[in-house]
Amino acid sequence: MHKKWLTAAAAVATVGLLAACSTPSEAPSDEPVTITYQVWAGTQTPAMQEIVDAFEEENPNITVELQELPWPQYWSTLQTSAAGGTAPDAFWMLAQQIKPYAEGKQLLDITDAIEAEGVDLANYPQAVLDLYDQGDGAIYGLPKDFDTNAIWYNKALFDAAGVDYPTDSWTWEDFRTAAKELTNAEAGVWGVAAPIDYQGGYYNSIFQAGGQVISDDGKTAELDTPEAIAGIKFWTDLMADGSSPTLQQLSDTEAETQFEQGKIAMYLSGAYWALKLYDNAEIRPNIDVAPLPIGEQRATVTSGIANVGYVGTKHPDEVAKFLIFASGETAANIQAKAGAVLPAFKGTEQTWMDAMPEFTNLQVFIDAIEYAVPLPVQGNAAEWQGLQTEFLTPAWNGQESVEDAARKYTEAIDKVLAEG
Amino acid sequence: MSSSVVKPVRQVRRRTGFAARTDWWAYAMIAPAFIGLAALYLWPFLSTFLKSFMNVPVFGPGEFNGVDNYTKLIGDDAFWRALGNTALYTGIVLLGIPLAIVFAALIQQVSRGRAVYRVLFFLPVVTLPVAIGMVWRFILNGDFGLLNWVFSLVGIPGQYWVADDRFTIYAFAVVGIWMGLGVNLIILGAGLQNIPVELYEASSLDGANRVRQFFSITLPLLSPTIFFVTVLTTISALQMFDLVFIMLGSVNNTAIDGSKTIVYLFYEAAFVQFKQGFAATIAIVLLVIIMAVTALQFRLQKKWVIYD
């Protein structure tokens with residue numbers, strides 16, 4: 001009896017195995033497949049869901065599960081899940097985070113898929129592609145969006161102080177003067193917010209002054225050059241003038257929030273705030289945007305989120321297909337229409353601007369591509385960027401000269417870069 | 001071979017075989033517990049211990065680098081600052097225990113609705129930490145916080161409690177005490193209920209007042225519970241991490257460098273800087289500190305804890 005049952009069971013199992021083996025070779029692309037797509041939570045989620053829906057419609061056999069994580073946990077969760085072999089199949093990546101993942105061979109190489117699908121890389125801003133280029137000949141992902149920086153300003157506060165709106169020919173001096181004139185301590189209004197912010201802040205002015213953050217060979221920091229110091233002084237001068245809330249005030253209530261509360265006249269930041277500001281009906285009519293002021297030259301740093309895949313995925317072909325789609329033209333148009341973010345795919349900028357018709361000068365973000373430089377992300381960028389508060393706070397508070405602070409910070413970055 | 005030689009051997013063999021079989025059963029019975037323990041506690045501990053002597057990238061194998069991590073940690077100013085912060089925080093949070101004892105004794109006096117008070121004090125324990133962080137950030141905000149407003153009424157100048165590293169540790173400690181009060185109250189309350197009522201009755205016949213009773217009966221008989229609560233509070237205070245994270249709001253907070261605790265350093269090394277070996281070293285050093293402090297507490301308890 002026992003033996004018979006066993007034989008029967010074995011037979012069934014064998015047939016099952018054979019069936020399982022034969023299916024993929026017959027129709028590999030029709031097998032239902034589920035992949036996961038992880039993003040951090042924010043205003044972009046509805047647009048991401050729309051992109052997922054559009055992709056599923058085109059590929060009925062592939063189901064994409066959109067997963068949201070809060071920003072503070074995003075990187076630690078991703079890192080742990082990748083090390084444990086359970087990372088999501090597709091996920092958002094930032095240029096300052098990609099290096100350990102690429103070096104650790106955790107990312108899916110989609111170079112072949114890009115070639116097979118005939119993706120033209122010329123459709124993406126070169127500066128952003130360069131950010132994700134790990135120098136190993138592989139393409140791990142395509143940018144889904146990009147950002148440049150500009151001056152967001154509150155027209156009502158300019159009117160109240162009788163100051164002319166920023167123009168595209170504003171110099172640093174014009175900016176500093178206006179910030180001073182706009183400040184009204186009694187009313188709790190400041191001309192500008194000057195937090196220690198690399199992406200929206202002092203990196204831009206360092207490049208505007210003709211300096212750079214990291215040397216061309218990527219091995220040393222150059223924050224202690226006269227040009228870079230001038231770029232940092234742009235910010236510490238604003239602080240010394242009293243044109244900005246103190247760092248403590250900006251820690252308690254972040255610059256962006258204070259700007260939305262109508263307490264700050266000028267806030268230097270990226271295109272990624274557009275939708276949030278537009279959605280704030282109370283402040284929307286007062287908001288406009290102008291190019292960053294000119295130092296020795298025009299400059300803004302640029303970066304963007306890339307869609308990348310996990311090397312351990314069970315469905316590499318489907319994931320590659322999804323990644324290309326999610327950074328492609330259809331997806332770009334969905335993002336643009338939602339106004340979620342400035343899409344990286346060229347030719348969809350107008351749609352993005354049209355999504356927020358009351359903001360009439362969004363073109364400045366697109367014009368800025370001409371003079372944009374890639375965000376410096378050499379080496380273990382997350383680590384050395386994380387040291388900025390420690391080293392630069394004394395300079396911002398006026399307790400230490402910018403020269404001294406910049407020199408110490410440069411030495412600290414050099415140490416991190418030397419560790420590789 | 002003669003049978004007379006074989007026999008005893010066989011007997012011995014059977015006996016060991018039988019003995020081994022009973023052993024086997026015993027091991028089998030504890031295996032589920034042991035495997036769980038080994039997989040969830042022993043292995044992570046061993047692996048952390050080994051990693052503390054290694055340079056470990058996020059992905060892939062690491063390589064041994066001797067005591068480099070330890071020398072680097074000891075030479076790191078940030079570590080000593082974090083140690084100081086952690087010690088200060090722990091010291092202040094321990095002041096919450098006398099507070100908890102007083103509250104527990106007061107609640108014990110309440111004849112009706114005792115449970116209501118316990119629930120009220122316990123609420124912070126079951127509240128979402130992020131929500132707690134948001135509420136306290138609002139209370140402690142330098143520009144329009146509730147605390148500074150109250151202070152302004154009595155003429156005390158306001159401060160940036162969660163944005164100035166001269167004050168952040170104290171702010172954490174206040175919230176830490178507030179969060180820990182509920183659990184301590186429950187444990188101490190249970191301890192109070194174990195004290196025989198007859199002792200109070202007898203002492204009041206002898207003319208002892210409430211205060212005298214508290215110091216002569218309640219405190220001594222509660223001392224084992226107080227000791228237990230002290231050990232638990234110390235350990236969890238030494239491991240404090242979440243308050244830094246939720247009360248400073250973001251890593252851009254200008255007070256962050258003066259406010260880090262040991263576990264925050266660990267988090268930063270492991271998850272921001274991708275240095276797992278160095279992070280493991282921090283974890284091991286903290287473990288040693290906690291063991292030393294706990295051992296010291298057990299040594300000292302002989303002087304003040306009274307068991308029946």
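Domain 1 and domain 2 of chain B bury about 420 Å² between them, and carbon and sulfur atoms account for 72% of that area. This is a predicted model, so please hear every value that follows as computed from a prediction. On the side of domain 1 of chain B that touches domain 2, the residues divide into two nonpolar, one polar and one charged.

Where do these two domains run? The domain assignment of chain B puts domain 1 at 3-51 and domain 2 at 69-304. Their contact takes four residues from domain 1 of chain B and seven residues from domain 2 of chain B. The C-alpha centres of the two domains of chain B lie 44 Å apart.

Next, the specific interactions at that boundary. Across the interface of domain 1 and domain 2 of chain B, the rule finds zero salt bridges.

Now chain A. Its domain assignment also gives two domains, each written as two segments: domain 1 is 32-147 + 304-347, and domain 2 is 149-301 + 367-419. The C-alpha centres of domain 1 and domain 2 of chain A lie 29 Å apart.

How many residues take part in the contact between the domains of chain A? There are 14 residues of domain 1 in contact with 14 residues of domain 2. The area buried between these domains of chain A is about 1300 Å², with carbon and sulfur atoms giving 65%. Which residues of domain 1 of chain A lose the most area to domain 2 of chain A? They are A:Gln96, A:Leu131 and A:Asp147, and together they make up 45% of what that side buries.

Between domain 1 and domain 2 of chain A, the salt-bridge count is zero. There are two residue pairs in polar contact between these domains of chain A, counting pairs with both residues at pLDDT 80 or more. By class, the side of domain 1 of chain A that touches domain 2 has eight nonpolar, four polar and two charged residues.

That leaves the interface between the chains. Here 27 residues of chain A are in contact with 30 residues of chain B. Chain A and chain B bury about 2400 Å² between them, and carbon and sulfur atoms give 50% of it. On the chain A side, A:Gln79, A:Gln248 and A:Asp252 supply 27% of the area that chain A buries against chain B, more than any other three residues.

How many salt bridges does the rule find across the interface of chain A and chain B? It finds two. One pairing to look at in the structure is B:Lys275 with A:Glu383, a salt bridge in which the closest N and O atoms are 2.7 Å apart. The interface of chain A and chain B also has 13 residue pairs in polar contact, both residues at pLDDT 80 or more.

Which elements give two or more residues to the side of chain A that touches chain B? They are α3 (71-83), α4 (98-103), α11 (247-252), α18 (381-386) and α19 (388-396) of chain A. Of these, α3(A) gives the most, with six residues. By class, the side of chain A that touches chain B has seven nonpolar, 14 polar and six charged residues.

Definitions and conventions. Residues numbered from 1 in each chain as written. Chains lettered and ligands numbered in written order. Predicted model: local features only at pLDDT ≥ 70, side-chain atom pairs only at ≥ 80, totals over all residues. Heavy atoms only, no water. Contact = heavy atoms within 4.5 Å. Buried area = accessible area lost by both parts, 1.4 Å probe. Salt bridge = Lys/Arg side-chain N within 4 Å of Asp/Glu carboxyl O. Polar contact = N/O pair within 3.5 Å; in protein donor to acceptor, adjacent residues only side chain to side chain. Helix = DSSP H or I, 4+ residues; strand = E, 2+ residues; numbered from the N terminus. Nonpolar A, V, L, I, M, F, W, Y, C, P; charged D, E, K, R; others polar. Domains from an automatic or database assignment.
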